[in-house]
Amino acid sequence: TPTQDETATDLLPAVPADAPALAQLEAVGVTAWFGQRKVLDRVSLTMPAGGITALIGPSGCGKSTFLRILNRMHELVPSAALAGEVLLDGEDIYDPERRLIDARRAIGMVFQKPNPFPAMSIRENVLAGLKLTGTKASRSERDALVESCLTRAGLWTEVRDRLDAPGGGLSGGQQQRLCIARSLAVKPRVLLMDEPCSALDPTSTRVIEETMVELAREVTIVIVTHNMQQAARVSDTCAFFLAAHGTPGVIVEHGRTDAMFGSPQDERTSDYVNGRF
Ligand code: ADP
Ligand code: MG
């Protein structure tokens with residue numbers, strides 16, 4: 001007989017049989033510049049496989065920059081420079097022998113403002129990444145993928161009858177889940193989310209949070225959030241970034257979320273998580 005836990009897990013959407021193994025992401029001594037200006041200074045952080053890591057801290061302390069470094073988007077800014085390493089299961093994603101497309105495919109990104117292709121159908125939005133990565137799939141494989149990704153993103157039952165409707169016609173929260181489904185279609189090992197709920201209403205926020213917690217069974221998640229309740233609700237580990245008075249951003253404290261919120265070691269962490277700045 002199944003235990004109660006097994007029964008509960010059976011009710012969740014299945015993790016696909018061909019899902020890639022859970023991967024750990026690790027930043028080692030990451031320093032970043034825009035032109036002459038250093039914005040991150042020797043940031044090291046392990047983001048455990050199959051966990052949700054929350055990056056918290058005030059505006060301007062380099063959270064988004066750090067997230068973009070984790071999937072090689074930082075280098076899109078002409079003035080940007082970088083030192084340090086980012087290791088996906090021990091392999092440097094900046095290794096010149098590795099193709100950029102492989103790093104981007106393995107490490108997906110969801111942005112603050114939902115950005116589906118508005119004129120493309122819901123179905124075409126989910127499949128958009130396959131074109132970019134040159135993945136070939138039959139019609140039935142594509143249908144199965146669309147259903148699987150929309151299910152895991154928590155959107156399937158709402159859109160199954162209108163897969164040919166434009167993505168831009170969905171509500172904000174639905175559009176964000178469509179973006180999550182689109183990311184999942186290329187079978188990423190890590191999903192980076194930069195304030196994914198800041199533009200959404202509380203109900204949509206809760207739906208996305210539930211989706212995230214389920215997705216962490218199959219993909220490692222890193223989320224930037226300004227919402228301390230959200231960090232406490234969804235994340236296992238947490239890193240507090242701070243950039244004091246024009247100095248570059250550093251991690252002041254990191255560790256298990258319950259410990260960081262329950263008994264922060266640094267006074268600045270305590271002040272921040274308790275809303276004092
Ligand atoms: P956060 O996400 O924590 O609010 P950011 O990573 O967006 O912080 O920004 C960190 C610092 O880098 C800020 O001072 C910001 O002004 C600067 N910055 C961010 N993006 C760029 C850019 N494209 N060019 C120059 N400076 C930038
Ligand atoms: Mg930001």
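Q: How far apart do the end C-alpha atoms of residues 23-273 lie, and what share of the span is helix and what share strand?

A: This is a predicted model. In it, the end C-alpha atoms of residues 23-273 lie 28 Å apart, and the span is 36% helix and 25% strand. An unreviewed UniProt entry places the feature "domain: ABC transporter" at these residues.

Q: In what order do the strands of the open sheet of 6 strands stand?

A: Strands of a sheet pair through backbone hydrogen bonds, in either a parallel or an antiparallel manner. Here the open sheet of 6 strands has the order 6-7-8-3-9-10, and its pairing is mixed. Strand 6 (107-110) and strand 10 (250-256) each have a single partner strand, so one side of each is left without a neighbour in the sheet. On average, neighbouring strands of this sheet are turned by 15° against each other, direction ignored.

Q: Which strand does strand 6 join, and over how many bridges?

A: Strand 6 runs parallel to strand 7 (residues 190-194), and 4 bridges join the two. Within strand 7, Leu192 is the residue that stands opposite Met109.

Q: How does one follow strand 3 through its pairings with strand 8 and strand 9?

A: Strand 3 pairs with strand 8 (residues 220-224) in the parallel sense over 4 bridges. On that side, Ile52 stands opposite Ile221. Strand 3 also runs parallel to strand 9 (residues 237-242), to which 4 bridges join it. There, Ala54 has Cys238 as its bridge partner.

Q: Are the faces of strand 3 covered or uncovered?

A: Burial is judged here by counting the other C-beta atoms within 10 Å of a residue's own, with 20 or more making it buried. Strand 3 (residues 52-56) has 5 of its 5 residues buried. Ile52, Ala54 and Ile56 lie on one side, Thr53 and Leu55 on the other, and both faces are covered.

Q: In what order do the 4 strands of the other open sheet stand, and what is the sense of their pairing?

A: These 4 strands have the order 2-1-4-5, and the pairing is antiparallel. Strand 2 and strand 5 (91-92) are the edge strands, each pairing on one side only. Strand 1 (residues 25-34) and strand 2 are linked in the antiparallel sense by 7 bridges. Ala32 has Leu40 of strand 2 as its bridge partner.

Q: Which phi values do Arg42 and Arg72 take?

A: Most residues other than glycine have a negative phi. Arg42 has a positive phi of about 45° although it is not a glycine. Arg42 belongs to strand 2 (residues 37-47), and it counts as partly exposed because it has 14 C-beta neighbours inside 10 Å. Arg72 likewise is not a glycine, yet has a positive phi of about 65°. Arg72 is placed in the loop between helix 2 (63-69) and strand 4 (80-88). With 17 C-beta neighbours inside 10 Å, Arg72 also counts as partly exposed.

Q: Which residues are around ligand 1?

A: The shell around ligand 1 consists of Phe34, Val39, Ser59, Gly60, Cys61, Gly62, Lys63, Ser64, Thr65 and Val77. Helix 2 supplies the largest share of this shell, with 3 residues. By class, the shell has 4 nonpolar, 5 polar and 1 charged residues.

Q: Which residues of helix 4 are buried, and against which helices do they pack?

A: An α-helix has 3.6 residues a turn, so residues three or four places apart point the same way. In helix 4 (residues 122-133), the buried residues are Ile122, Arg123, Asn125, Val126, Leu127 and Gly129. These buried residues pack against helix 5 (139-152), helix 6 (156-159) and helix 7 (172-184). Just after helix 4, Gly134 takes a positive phi of about 65°.

Q: How far apart are the C-alpha atoms of His245 and Ser138?

A: Their C-alpha atoms are separated by 55 Å, and His245 and Ser138 are 107 residues apart along the chain.

Key. Residues are numbered from 1 along each chain as its sequence is written. Chains are lettered from A and ligands numbered from 1 in the order in which they are written. This is a predicted model: local features need pLDDT of at least 70, side-chain atom pairs count only at pLDDT 80 or more; totals for chains, interfaces and linings use all residues. UniProt positions are given in the numbering used here, feature names are shortened, and annotations may be inferred rather than shown by experiment. A residue is buried if 20 or more other C-beta atoms lie within 10 Å of its own, exposed if 12 or fewer, and partly exposed in between; C-beta atoms are placed from the backbone. Two strands pair if DSSP finds at least two bridges between them. Axes are lines fitted to C-alpha atoms, for helices over the stretch in contact, and angles run from 0 to 180 degrees between N-to-C directions. A residue is near a molecule or strand if its C-beta atom, placed from the backbone, lies within 6 Å of it. Ala, Val, Leu, Ile, Met, Phe, Trp, Tyr, Cys and Pro count as nonpolar, Asp, Glu, Lys and Arg as charged, and the others, Gly among them, as polar. Two residues are in contact if their C-beta atoms, placed from the backbone, lie within 7 Å.
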